[in-house]
Amino acid sequence: MRIAARAAAAALTAALVATGTSAVAADAPQPSLGASADQPAAAPAAAAAAANPHFSLYAVNSAGIAYAYGPNGKGGLTARKQYGQGWTGVTAMMQVDHQNDGDSDGLWFRESNGDLGWLPFDSSAVKVGYGYNTYSKLVSPGQIGGAAAGDILAVDTKGDLYVYLGYGNGKVTKRIKAGYGWNIYSEIAGNGDLNGDGKNDVVARDKSGVLWLYKGTGNQNAPFAKRTQIGSGWNQYNRLISTGDIDLDGKTDLIARKGGELYLYSGTGNASAPYKAKKQIGTSGWDSYKFLF
């Protein structure tokens, strides 16, 4: 079954390459970011599934300095290490796995003028699109459209949801409208499979503090099933982030920031109760970061 799934993904990836792209290459901007040395190998369960990512958590402060926190193997994070600088002119940053191996390969970033850039960890940054300042939210939840590369979810100010399928080289397809009414959500997060079906899912918090699960379908035109409620009270957090598997048990987790504190919600793999009780993994200072991704 896994061989067939990989063959289907390869076929869709080839189809994407044949369709062309709306992106335009340009000169590399100045900011830098290095691959975190603390990004671990996949846990055995995650390696077998070849799906759930296990990225380090990146944090960027108001001075534009980027730090990385890796999983420490004990359900928490390592001490921070500086991995980049110059990130003062951007309004969104997202890690992405283009090889479907669980490792982060680089990041998409939006500049203040709306340009979308791609920075692979092993090369220089390039411009891959423009006009992205029409979106109030940009999230890379991994692969949601059926091909092997990571994709982008974008919500515009009207609440319309769009999917940009990734080619695997930082460039993306023309947008595909996939929903509406998403402006009811103040936070959207996702980076892996939450219910064990091999498809990437996302969670979304509405403005009343209720957290909802959107299970992935693998269909680029309708990427999510009907939402199901996870729980209430999530408006105590000012940021929700998923970098994949933090506690290295092969399941996708969720990170939540409350003021300067940081909490981990470990994944269960069960759609009806996708997270365990919270665990504090940061005691102070996390409100000094303008980006966590």
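User: Where is valine 210 found?

Analyst: In a loop, the one between strand 14 (202-206) and strand 15 (211-214).

User: How far apart are valine 210 and asparagine 235 in sequence and in space?

Analyst: They are 25 residues apart in sequence, and 7.5 Å apart in space, going from C-alpha to C-alpha.

User: Why is asparagine 100 called partly exposed?

Analyst: Partly exposed is the range between buried, under 20%, and exposed, over 50%. Asparagine 100 has a relative accessible area of 31%, so it lands in that range. You'll find asparagine 100 in the loop between strand 5 and strand 6 (106-111). Its phi is near 60°, which is a positive value in a residue other than glycine.

User: And leucine 248: is it buried or partly exposed?

Analyst: Partly exposed. Its relative accessibility is 25%, and the limit for buried is under 20%, so leucine 248 does not make it into the buried group. Leucine 248 is in the loop between strand 17 and strand 18 (254-258). Its phi, too, is a positive value near 60°.

User: What does the whole protein look like in terms of helices, strands and buried residues?

Analyst: It has two helices and 21 strands. Of its 293 residues, 53% count as buried.

User: How do you know which parts of the prediction to be careful with?

Analyst: Check the pLDDT, the predictor's confidence in each residue, from 0 to 100. The protein averages 86, and 83% of the residues score at least 70. Over residues 1-30, though, the pLDDT is below 50, and this stretch has 45 contacts in the model beyond near neighbours in sequence. Residues 40-50 are also below 50, with 19 such contacts. Where pLDDT is low, the predicted coordinates should not be read in detail.

User: What makes something a cavity, and how many of 30 Å³ or more are there?

Analyst: In a cavity, a 1.4 Å probe fits but cannot get out. A search of the whole structure finds one of 30 Å³ or more. The largest cavity holds about 40 Å³ of space, so it clears the 30 Å³ limit of that search. Its lining has 13 residues, and those nearest its centre are Ala189, Gly190, Leu194, Ser242 and Tyr275.

User: What about the second largest pocket: what is its volume, and which residues lie nearest its centre?

Analyst: Its volume is about 530 Å³. Of its 29 lining residues, Met93, Leu138, Val139, Arg239 and Leu292 lie nearest the centre. Among the strands that each supply at least two lining residues are strand 5 (90-96) and strand 9 (135-142).

User: How do the residues of that lining divide by class?

Analyst: Into 14 nonpolar, nine polar and six charged. Leu and Met count as nonpolar, while Arg counts as charged.

Terms used
Residues are numbered from 1 along each chain as its sequence is written. This is a predicted model: local features need pLDDT of at least 70, side-chain atom pairs count only at pLDDT 80 or more; totals for chains, interfaces and linings use all residues. Side-chain values use heavy atoms; hydrogens and water are left out. Helices (H or I, at least four residues) and strands (E, at least two) are DSSP runs, numbered from the N terminus. Buried means under 20% relative accessible area, exposed over 50%, partly exposed in between (1.4 Å probe, protein chains only). Contact means heavy atoms within 4.5 Å. On a 1 Å grid over the protein atoms alone, a cavity is a set of points where a 1.4 Å probe fits but cannot get out, and a pocket is an open set with protein on both sides within 12 Å along at least five of seven lines; lining residues have an atom within 4 Å of a point.
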